[in-house]
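Please keep the sequence and the model at hand while reading.

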Amino acid sequence: MQARRKKRRFRIKRLVLIGAVCAVACVFFNQQRTINHYNGQIAEIQEKINEQQELKKELEDQEAYSASPEFYEKIARETLGFVKADEKVFIDAGSN
């Protein structure tokens, strides 16, 4: 009779142990899936950050160029049609 009890206790302990291992495995896999999801989000956000940093660099370069004398000269020539004092202007008579 005691042998049966020991066997029965052993089976119950084994079932409890197997159940605990399965529960831990389920928790582990769910956490791993969540971690992978968050890592994907981190990668997307990091990519957006890099794009914004590149855009910021381009805008800073453009801002620096717009404060230069070359920029003002280019605008005066292209938009306003100004020329330097020592330049010769040629007008195409055939374009009228």
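K84 is partly exposed, with a relative accessibility of 42%, on a scale where buried means under 20% relative accessible area, exposed over 50%, and partly exposed in between (1.4 Å probe, protein chains only). This is a predicted model, in which local features need pLDDT of at least 70 and side-chain atom pairs count only at pLDDT 80 or more, while totals for chains, interfaces and linings use all residues. Residues are numbered from 1 along each chain as its sequence is written, and side-chain values use heavy atoms, with hydrogens and water left out.

The side chain of K84 meets that of E73 in a salt bridge, at 3.6 Å from N to O, the term being used for a side-chain nitrogen of Lys or Arg within 4 Å of a carboxyl oxygen of Asp or Glu. This pair links distant parts of the chain, since K84 lies in the segment after helix 2 and E73 in helix 2, 11 residues apart; helices (H or I, at least four residues) are DSSP runs, numbered from the N terminus. E73 also meets R77 in a salt bridge, with 3.2 Å from N to O, and these two residues both lie in helix 2, 4 residues apart, or about one turn of the helix. Both partners are partly exposed, R77 with a relative accessible area of 30% and E73 with 34%. Taken together, E73, R77, K84 and E87 are linked in a network of salt bridges.

## Charges along helix 1

The structure holds 5 salt bridges, and one of them joins the side chains of K56 and E60 at 3.9 Å, N to O. K56 and E60 are separated by about one helical turn, because they stand 4 residues apart in helix 1. K56 is exposed, with a relative accessible area of 51%, whereas E60 is partly exposed at 41%.

E44, E47, E51, E54 and E58 form a negative surface patch; patches are made of residues with over 30% relative accessible area and no salt bridge, like charges being joined within 9 Å and nonpolar side chains (Val, Leu, Ile, Met, Phe, Trp, Tyr) within 5 Å.

## Aromatic pairs

A search of the whole structure finds 3 aromatic pairs, where rings of Phe, Tyr and Trp (its six-membered ring) pair if their centres lie within 6.5 Å, and planes under 30 degrees apart count as stacked, over 60 as edge-to-face and the rest as tilted. One of the pairs is formed by F28 and F29, which are edge-to-face with 5.6 Å centre to centre and 65° between the planes. F28 is partly exposed at 48% relative accessibility, and F29 is exposed at 56%.

F71 and Y72 also make an edge-to-face pair, because their ring centres are 5.9 Å apart and their planes stand at 65°. F71 is partly exposed, with a relative accessible area of 24%, whereas Y72 is exposed at 54%. Ring pairs link Y65, F71 and Y72 into a cluster.

## A nonpolar patch and the loop

V83, V89 and I91 make a nonpolar surface patch of about 320 Å², the accessible areas coming from the Shrake-Rupley method with a 1.4 Å probe, and for residues only the protein chains shown count as cover. V89 lies in the segment after helix 2 (69-78) and is exposed, with 54% relative accessibility.

S68, placed in the loop between helix 1 and helix 2, is buried, its relative accessibility being 12%. From S68 to I45 the separation is 23 residues in sequence and 35 Å in space, C-alpha to C-alpha.

Key
Lys, Arg positive; Asp, Glu negative; His and termini not counted. Charge placed at Lys NZ, Arg CZ, Asp CG, Glu CD.
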